[in-house]
Amino acid sequence: MGDFLPPNGLILGTGGAQSLAVLEEAIRVSETTLVTVALRRVDAAGPGLLPMLDRAGVRVLPNTAGCYTAGDAVRTARMAREAFGTDLIKLEVIGDERTLLPDGVELLRAAETLVAEGFTVLPYTTDDPILARRLADTGCAAVMPAGSPIGSGLGIANPHHIELIRQSVDVPVVLDAGIGTASDAALAMELGCDAVLIASAITRSDDPPAMAAAMRHAVAAGRLARGAGRIPRRFHALASTPDDGIARW
Amino acid sequence: MIAVIGGGIIGLSIARSLRARGAEVTVYDPEPDGTGGAWHVAAGMLAPGRESAFEHPRLESLLEASLALWPEFAAGLGDVGYDTTGTLGVALTADDHVEAAREWRHQKLQPLTGSQVRDREPALSPRIRAGVHAPHEVQADPRRVVAALRRALAGRIVARRITDLGEVAADTVVVAAGCGTAALTGLPIRPVKGQVLRLRGEPGLLRHVIDGSADGRHVYLVPRADGEIVVGATQEERGDSAATAGGVHDLLRAALDLVPGLAEHTLTEITVGHRPGTPDNGPLLGRLDARTVVAAGHHRNGILLAPITARLVADLVLTGSDDPFLDDFAPGRNGCA
C-alpha cells in the first residue's frame, strides 16, 4: 500500500516555477521521486517540462487542477491516463476560485467513477475527517487533505483534524496545500502524515533549490520525531534532572 | 557573405547591424511580410526589473545593458512608438500587495499609496491598494520596429524556408529563428504560449504602462499614442495556437478590475504567440561551430534584447570579439545543454 509514494515522503508540484532550470535543480535537491503536473497546463507531447522530468528520473503524478465538476475531472483523468500512460491520478475538483478548496460532493462522485474504472485515485480533499473516511471507503488509494488554501502559505490551519484523519483512514495521508515553510512540513509529518506535497512554498521562494533542501530535511525530521514518540504536554515544569540521589544536608 | 536565418526582430536587428558595418547579408524567412513571429504579438514593454527577479543571475545585467542601447536603436528607426513615460506597478488587493511588494523591494522601488498612484493615473480603479512608479521603464511598438527594420533591409530579405543549415550558401550562418531554432540546431528552445489582446478607444485614458495584479491575476496594459491598449499576457507551457475563453476572460477581468473605463473600449484583436523559451530563461548567444552562430531563445525579452543581441553578434561575426556576456549566455552552458 502506498508504493507510489516517494521513500522520503516529499512530493513536488511544478506550478509557479520561474524557469525549467531552477525547477530541475529544486527537484534534484529535494530527492523526490514523484512530481505532480496539471494535465490542463502542459502539452503532454511537447518539449520542455515532461522531458525534463523524464531526465530527472521522477515519476509523473498527473492532476486534474482547474476542474470544477465531477464530470470535468473524470474526463480530464481519462485524458491524463492516455497522455501519461499511468493509472495514478491526483483528483482535484475545486469549489471556487477564491479559496480553491475542494468541493467534497463533486469530489466523492468523481472518485467513485474513477475507482470503478481502475484508477489509483489520490483525492485532494478538505481537512474534514468524515469526508476523508468516505473517500477511503470508496477505494481511494490515499487521501490528501489541505492544510490551508492552495498557495496561501498559511500552514496547517487545523492540526487536530489532520490527526483525526490519520486515525480515521487506513490509507496513506498526504498533506496537500498550504505549506508555507519548513516547520509546516515537519508538523505534518509529526501529526502522522505519510508524505507532504509542496509546490508554491518551493517554486515561489527566493531560492527554490535551498527551500527544496529545507523541505527535504523538515520532512525527514518530522518523520523521525513521530517515530521517536514525543513527550506529553504538561501544564507545569518537570525537571529534566531527577532529584533522586542528590545529597541532602 | 553572411546568412541570417529568421526575419523576426532578432534576425532583422542583427542583419541591420552587420550591414551598417559593411558586411554583405541575406536574411531568409518563409514569410518576409508575415506576422507569424513573437514580435507581432509582443507588447513592447522594455522593463528589465520586471522580467528577471529570480531567474538567470546575469540576465538582469544583460537586460539593463540592452535598455541603455535602446534610445540610439530607436532613433535610427524613425517613429517606433518609443515612449519614456514609465511604468506604474499596481496591486489591487491586500494579497496582491504582499506578492508585489516582494518584487518591488527586489527592484528597490519606493511604494506609493493607492491615492498617490491614482494621482499619476486617474483612470485606475479607486480600489487599487498600492503601487510603485518605475520611471526608467519604457515602451516601443514592436510592429513598427519590425516594419522599420524591413524597410532598412529592403531587397536583402529572401522568402525561403530553411530546413537544413547545409542548404544555405554562406561563409557564416546566424540562426535567429526563434522557436524554429530548435529544429535547425537541436538546442533546447520550446514554445511558451501567450495570449494577448488589443483594445482601442479614445487616446489618453492611460499614459503609463500599467503592470499589475488583480485578485492573483497578473496583467499588463500598454497604451499607445493612437488609443490602442495592448493587454497581456497568458503564459502557458503549450505549443498550440488556440485563443481560449479562459485565457481571454482572465486578461479582460484583470484589466477591467484595474481600469474600469476600459469596458467602453473596442476589443480589436485576440492574438496568440509563442515565446522561444530556454531552460533558464536566458537567450542562447554565440558560436555553435566554425560556420554557425546562434542568437535565439529570448523568451519574454526579445524586444528589449534586440539591440544588445545585434551588437554582440555583429562583434562576434565581424571581429571575433568575445564579450563576457557571450560566456554567460553560451549555447550548451550548464543547465541549457
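How many residues from chain A and from chain B does the contact take? It takes 12 residues from chain A and 11 residues from chain B. The side of chain A that touches chain B has 5 nonpolar, 4 polar and 3 charged residues. The model described here is predicted.

In chain A, V37(A) belongs to strand β2, which covers residues 34-38. V37(A) counts as buried because 24 C-beta neighbours lie inside 10 Å, and the cut-off for buried is 20 or more. Apart from neighbours within four places in sequence, V37(A) is in contact with T14(A), V42(A), L49(A), V60(A), P62(A) and N63(A). The C-alpha atoms of V37(A) and L50(A) are separated by 8.9 Å, and the two residues are 13 residues apart along the chain.

Chain B has an open sheet of 6 strands with mixed pairing, in the order β8-β2-β1-β9-β16-β15. β8 and β15 of chain B stand at the edges with a single partner strand each, so one side of each has no neighbour in the sheet. On average, neighbouring strands of this sheet are turned by 20 degrees against each other, direction ignored.

| Strand | Residues |
|---|---|
| β8 (chain B) | residues 157-159 |
| β15 (chain B) | residues 284-287 |
| β9 (chain B) | residues 172-175 |
| β16 (chain B) | residues 292-296 |

Strands β9 and β16 of chain B pair in the parallel sense over 3 bridges. V174(B) stands opposite V293(B) in β16(B). Helix α1 of chain B, residues 9-20, packs on the sheet and touches β1, β2, β9 and β16 of chain B. The direction of helix α1 makes about 170 degrees with that of β2(B).

Key. Residues numbered from 1 in each chain as written. Chains lettered and ligands numbered in written order. Predicted model: local features only at pLDDT ≥ 70, side-chain atom pairs only at ≥ 80, totals over all residues. Helix = DSSP H or I, 4+ residues; strand = E, 2+ residues; numbered from the N terminus. Buried ≥ 20, exposed ≤ 12 C-beta atoms within 10 Å, placed from the backbone. Contact = placed C-beta atoms within 7 Å. Nonpolar A, V, L, I, M, F, W, Y, C, P; charged D, E, K, R; others polar. Pairing = 2+ DSSP bridges. Axes fitted to C-alpha atoms, helices over the stretch in contact; angles between N-to-C directions.
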